[in-house]
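Take a look at the sequence and the structure below. We will walk through them one chain at a time.

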Amino acid sequence: MMADRLSLVFGALADPTRRAILTRLADGDATVAELAEPFAMSQPAISKHLKVLEQAGLISRTRRATARLSRLEAEPLREVTTWLARYQRFWDESHERLDELLAALQAGQEDGSAPSSATVKENHDEQDLDHR
Amino acid sequence: MSKTSITAEPGIPMIITTREFDAPRDLVFRAHTDPDLLVQWLGPRDLTTTVDRYEARNGGTWRYTQSDAQGNSYGFHGVFHGNPSPDAIVQTFEFEGAPGHVCLQTAALAERGGRTLLRTVSAFQSVADRDAMVASGMERGVHDSGDRLAELLARLRDS
C-alpha cells in the first residue's frame, strides 16, 4: 500500500464524527440526511466529512433518485488493519513470550524454562553482515 | 485480546508501543539487555533468534538474525547510545534488507507496584520509512480474513 494512501486513511479515521459515519455505513448505505440525523450538525458539515472519507477511498457515493447515497468501502480499512496487524502480531507474540520468561525467572528457574531453540553464537562471523 | 498497545499517528514518523508486565523492572530490564534472555522472547515463536553480538553498553554494537524453518534468514544490527539503564535503553535499529534506513529506539521501564510498564518509542527517518518497516520489515504472513475488519469496526463503534 502506498504510504500516501495510508496517511489519507489514517487522517480520515482520526476524526470521531467520521468514525461514527463509517460505523453507521457498516449497517448499510445511507443518504446525507440519514447520516446527519444522529449528530448536531448541518448537512453541509456532514458533506464535508463525507468528502474526506471519499478521498481516502473509505466510501463511495452514488445517486438514488434525488438523494446521494454513501457506501462503505471496506478494502482501505482492511489494508490499514493488515498493515498494523503485522506489527501488532510481532510484538504481541514477543511480549507474550517475555511474559512467560519473566514468570519462569521469578519462579526461580534462573535459566528460564520457556521452550526455545534459540542459541547465542560465541564466534562473531563478520561475513554474516552481508547476509540478507 | 492483545495487551500490547501500538500507536502510529498519521504524518509523524514514529511508533509508540506500551505493555505492562507482571514483574519488577530490574528483571524486565535484564530480559532486554542479557542476550541469553533476549533470544528467548524476541520475535514470533516460529522464528529462531541467533545473537552474533550484543554489547549492552555505550557505543556497543549488536547484531542478531531471525530465521524460519524454511531457511529464510533476516539480519538486524545497531548501536547502543549511552549505557542502557531501566530509565532508557537507547539504540539504533537497522534491517539489513533495507540498509541505510535506520530507526532510533528508546525503551523506558516504569515500575508500578511490582508491575512494570514498558514504553518504546521508535523514531524513523521519514513517514515512508516507518510505513515500509511496518509493512515489510516484519516478514510474517497475516491471515487475510474479514475478522480484523469486524474488530476494527467494533473498536470504532466503541471509541
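Start with one pair of residues: Thr62(A) stands opposite Leu69(A) in strand 3 of chain A. Before going on, note that this is a predicted model, in which local features need pLDDT of at least 70, side-chain atom pairs count only at pLDDT 80 or more, and totals for chains, interfaces and linings use all residues. Residues are numbered from 1 along each chain as its sequence is written, while chains are lettered from A and ligands numbered from 1 in the order in which they are written.

Back to that pair. Strand 2 of chain A and strand 3 (residues 67–72) of chain A are joined by 6 bridges and run antiparallel. Two strands count as paired if DSSP finds at least two bridges between them. Strands of a sheet pair through backbone hydrogen bonds, either parallel or antiparallel.

Now widen the view. These strands belong to an open sheet of 3 strands in chain A, with the order 1-3-2 and antiparallel pairing. Which strands form the edges? They are strand 1 (30–31) and strand 2 (59–64) of chain A, each pairing on one side only. A helix lies across this sheet.

Step back to the whole of chain A. It has 5 helices and 4 strands. Along the sequence the pattern is α-α-β-α-α-β-β-α-β. Here helices (H or I, at least four residues) and strands (E, at least two) are DSSP runs, numbered from the N terminus. Of the 132 residues in chain A, 30% are buried. A residue is buried if 20 or more other C-beta atoms, placed from the backbone, lie within 10 Å of its own. Among contacts in chain A with a separation of 6 or more, 46% involve residues 24 or more positions apart. Two residues are in contact if their C-beta atoms, placed from the backbone, lie within 7 Å.

Turn to chain B. This chain has 4 helices and 8 strands. From the N terminus on, its elements run β-β-α-α-β-β-β-β-β-β-α-α. Buried residues make up 29% of its 159 residues.

Follow the strands of chain B. Strand 3 (residues 48–54) and strand 4 (residues 61–67) of chain B run antiparallel, joined by 6 bridges. Val51(B) has Tyr64(B) as its bridge partner in strand 4 of chain B. The two strands form a hairpin with 6 residues between them, and Gly59(B) in the turn has a positive phi of about 85°.

A second hairpin of chain B joins strand 7 to strand 8, with 2 residues between the strands. Gly113(B) there takes a positive phi near 55°. Strand 7 (residues 102–112) and strand 8 of chain B run antiparallel, with 9 bridges. Leu104(B) has Ala123(B) as its partner in strand 8 of chain B. Strand 8 (residues 115–123) of chain B also pairs with strand 2 (residues 14–21) of chain B, antiparallel, through 8 bridges. There, Ile16(B) partners Val121(B).

How confident is the predictor? pLDDT is its confidence in each residue, from 0 to 100. Chain B has a mean pLDDT of 82, and 82% of its residues reach 70 or more. Over residues 136–154 of chain B, pLDDT stays under 50. The model scores ipTM 0.76 and pTM 0.62.

Technical notes:
Buried ≥ 20, exposed ≤ 12 C-beta atoms within 10 Å, placed from the backbone. pLDDT = per-residue confidence, 0-100.
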